[in-house]
Amino acid sequence: MPVTVLLVDDEPLVRAGLRAVLAAQPDIEVVGEAADGAAVIPLVRSLRPDVVAMDVRMPLLDGIEATRAVLRTVAEPPKILVVTTFEDDEYVYEALRAGADGFLLKRSRPEEIVHAVRLVAAGDSLLFPASVRQLAARYGAGRADAEPLAKARLTEREAEVLRLMARGLTNAEIAAGLVVGAETVKSHVSAVLAKLGARDRTQAVIAAYESGFVAPR
């Protein structure tokens, strides 16, 4: 089954460019488009995309609020990939904190766009881990809160897995580094997400940085 994508951007040229790149892939299908975040929820409900590629800045409802609305109201929400002009942008960080699964720069090369969609759809690694660390260092420092990690009561192995997740390692890479099976790592990752109340790896990693559990470099 192909990865289905909904494109949301107020610039027609951006949508056209993304559609051209993604539609050329045999394993990706663009199922719809919208010009503003206000149109996202009905389209998500009717089209059931796997991934929403959503501009972070839009005139009526921006990507941050649209992300919150989707996650709050849709029973089985899609993965959300924020599309942005600047990676060092507080809007991007707020979108990630709101529940977006990753972000994509509008100037990205075609192969990077395709890779980002596939990676977010798969959900087994963190997209642009170095950039997430930089965003956390710049915009998350003042929100440091150790309580979520303290309450989570992670085991020693789960804490180790979280640190490796924060470095951007995939489940397979974590398994190789710890010399354990991939299914074991998958179970640890699931336990970490459940204990932190995190939707995905991105949310878990942000919580780790904001709590001071992992120090941005």
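Two strands are said to pair if DSSP finds at least two bridges between them. In this predicted model, strand S1 (residues 3-8) is joined to strand S2 (residues 28-34) by six bridges, and the two strands run parallel.

The side chains of S1 point in two directions. Val 3, Val 5 and Leu 7 point one way, whereas Thr 4, Leu 6 and Val 8 point the other way, and all are buried. Because six of the six residues of S1 are buried, the strand is largely enclosed by the rest of the structure.

Burial was also examined in helix H6 (residues 129-139). The buried residues of this helix are Pro 129, Ser 131, Val 132, Arg 133, Leu 135, Ala 136 and Tyr 139. An α-helix has 3.6 residues a turn, so residues three or four places apart point the same way.

A further contact is formed by helix H9 (residues 171-178) and helix H10 (residues 182-196), whose axes come within 8 Å and cross at roughly 110°. Angles of 65 to 115 degrees count as roughly perpendicular, so H9 is roughly perpendicular to H10. The crossing of H9 past H10 is right-handed. On the H9 side, the contact involves Asn 171, Ile 174 and Ala 175, which meet Ala 182, Val 185, Lys 186 and Val 189 in H10. By class, five residues in the contact of H9 with H10 are nonpolar, one is polar and one is charged.

Technical notes. Residues are numbered from 1 along each chain as its sequence is written. This is a predicted model: local features need pLDDT of at least 70, side-chain atom pairs count only at pLDDT 80 or more; totals for chains, interfaces and linings use all residues. Side-chain values use heavy atoms; hydrogens and water are left out. Axes are lines fitted to C-alpha atoms, for helices over the stretch in contact, and angles run from 0 to 180 degrees between N-to-C directions. Helices (H or I, at least four residues) and strands (E, at least two) are DSSP runs, numbered from the N terminus. Angles under 35 degrees count as roughly parallel, over 145 as roughly antiparallel, 65 to 115 as roughly perpendicular and the rest as oblique. A crossing is left-handed if the near helix is turned anticlockwise from the far one by less than a right angle, and right-handed if clockwise. Contact means heavy atoms within 4.5 Å. Ala, Val, Leu, Ile, Met, Phe, Trp, Tyr, Cys and Pro count as nonpolar, Asp, Glu, Lys and Arg as charged, and the others, Gly among them, as polar. Buried means under 20% relative accessible area, exposed over 50%, partly exposed in between (1.4 Å probe, protein chains only).
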